[in-house]
Amino acid sequence: MSPPSVEHVIRAPRAVIDGAVRPAAIGMADGLIRVVRDIDAVVDSAGQTVLEPDVVLLPGLVDTHVHINDPGTDWEGFASATGAALAGGITTVVDMPLDSDPVTTTAAALDVKRAAATGVCRVDTGFWGGIVPGNLGSIGELAAAGVLGFKCFLSESGNPDFPPLDPAEFGRAMSVVAELDSVLLVHAESSRVLAGCPQPTGRDYQGFLRSRPDAAEQDAVRIVLDAIADTGAKAHIVHVSSAAVLPMIAEAKRAGLPVTAETCPHYLTFAAETIPDGATAFAACPPIRGADNRAQLWEALADGTVDMVVSDHSPCAPRHKDLVGGDFGWAFGGISSLQIALPALWTRAARAGFGLADVCRWMAQAPAELAGLSDRGVIATGRRADFCVFDPDTAWVVHGADLRHRHPITPYEDVVLTGVVRQMWRRGRVVDDDSRGELLCAEVREPA
């Protein structure tokens with residue numbers, strides 16, 4: 001039988017398919033992958049693109065932890081964030097529900113956020129809904145309105161409009177999430193542990209680190225795992241920074257509990273021992289820990305204890321970082337890395353002996369599965385024809401002023417990274433300046 005007729009074929013000497021890098025011909029029609037063949041196979045099509053042997057065709061990456069902070073702030077915006085995402089190899093982002101005004105804790109607030117995003121997003125954009133004290137009775141409306149799942153905090157979020165849940169409230173929230181057959185993403189630092197810790201102050205990074213110890217993550221992860229066992233709800237632990245929680249997560253997975261976990265490029269790149277005092281660009285919550293801790297996070301990615309790597313792109317205006325004074329007690333805790341997440345991860349992964357197939361599993365397939373986006377994340381028949389053409393060998397130097405984030409603050413300033421995005425495809429077409437993404441819903445998708 002002849003292969004099906006397609007609109008266009010990409011012939012790639014190297015493509016990440018079925019967990020390996022191999023030559024392939026990918027035929028596309030109507031925005032979907034219709035056929036994956038050997039690179040020399042005859043595929044009836046109207047046109048073709050032949051990639052050079054120095055690049056690798058990756059699936060479009062999926063970043064499920066992005067703080068776009070729009071509307072209501074000057075910290076970031078849908079246009080700037082999604083432009084940065086596209087430049088970084090990402091074709092789908094999911095926006096976090098806090099640090100915008102209003103926060104996304106009601107269906108009406110979701111409507112406001114969607115209105116701000118309409119027509120300006122360069123990549124497909126979905127939304128998490130927020131769970132805070134007092135809104136449990138209405139999160140079903142958020143689910144019906146199309147959020148891909150929910151997010152909560154077990155410690156102060158930094159925004160008084162998005163307060164944390166105590167353990168009892170969290171247990172009730174998990175019961176409702178189970179009823180909705182949804183997923184709850186959890187900022188797993190414990191308020192009760194943090195309450196007994198010294199407050200950060202001044203330029204000393206080690207003092208900042210002591211203010212958010214491993215014990216805060218350990219206590220919070222135990223709260224999460226106990227609630228999963230009690231309710232059967234699916235939970236996802238965001239931005240794991242402490243290796244001390246890894247044995248608990250591994251044990252829960254062996255027991256069959258529906259828990260997943262993520263970490264971030266900055267936890268896999270930097271180490272506390274090398275962060276200068278006063279370098280508030282490195283401030284993040286939870287914090288960047290030591291080199292031995294970093295090595296254990298890489299081991300957890302290798303054995304599947306940690307499922308994915310996402311940016312946790314968490315920007316703010318420069319005035320909130322205290323870049324001149326360097327006071328960790330005053331600086332906002334968040335790192336902007338959306339555009340450089342892929343090369344940052346790849347630089348370290350390649351040194352550690354991992355391949356691009358691993359990177360795609362961590363940055364495309366697993367995040368897509370978390371968000372329930374079964375139509376993307378891998379190069380396979382029937383999936384979206386979203387691709388990143390990646391040069392894995394070219395080195396470059398990060399300069400914040402060259403990035404497309406709204407503000408040029410980055411701890412990666414002057415860091416040499418390896419890997420450059422050469423071209424992006426979305427729905428079977430090369431992305432140009434006029435290309436716009438879609439706004440995603442759990443049930444339906446609408447044009448942006």
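## Salt bridges and pockets

Asp95 forms a salt bridge with Lys113, and their closest N and O atoms are 2.6 Å apart. The two residues sit 18 residues apart, with Asp95 in strand S7 and Lys113 in helix H2. Both Asp95 and Lys113 are buried. The model is predicted. In the whole structure, a search finds 20 salt bridges. Three of them are set out here.

| Salt bridge | Closest N and O atoms |
|---|---|
| Asp95 and Lys113 | 2.6 Å |
| Arg426 and Asp124 | 3.1 Å |
| Arg222 and Asp226 | 3.6 Å |

Arg426 forms a salt bridge with Asp124. Arg426 lies in strand S16 and Asp124 in strand S8, so this pair ties together parts that are 302 residues apart in sequence. Arg426 and Asp124 are both buried.

Arg222 and Asp226 both belong to helix H7. They are 4 residues apart, about one turn of the helix. Arg222 counts as partly exposed because its relative accessibility is 33%. Asp226 is partly exposed too, at 40%. Elsewhere, salt bridges with shared partners join Asp124, Asp375, Arg376, Arg384, Asp386, Arg426 and Glu438 into one network.

The lining of the largest pocket holds 16 nonpolar, 16 polar and 5 charged residues.

The second largest pocket has a volume of about 560 Å³. Of its 32 lining residues, Val183, Glu369, Leu370, Ala371 and Gly372 lie nearest the centre. Helix H12 gives the most to this lining, with 6 residues. By class, the lining of the second largest pocket has 19 nonpolar, 6 polar and 7 charged residues.

How values were computed: Residues numbered from 1 in each chain as written. Predicted model: local features only at pLDDT ≥ 70, side-chain atom pairs only at ≥ 80, totals over all residues. Heavy atoms only, no water. Nonpolar A, V, L, I, M, F, W, Y, C, P; charged D, E, K, R; others polar. 1 Å grid on protein atoms, 1.4 Å probe; cavity = no way out; pocket = protein on both sides within 12 Å on 5 of 7 lines; lining within 4 Å. Points joined across faces, edges and corners; volume = space filled by probe spheres on them. Salt bridge = Lys/Arg side-chain N within 4 Å of Asp/Glu carboxyl O. Buried < 20%, exposed > 50% of the residue type's maximum accessible area, 1.4 Å probe, protein only.
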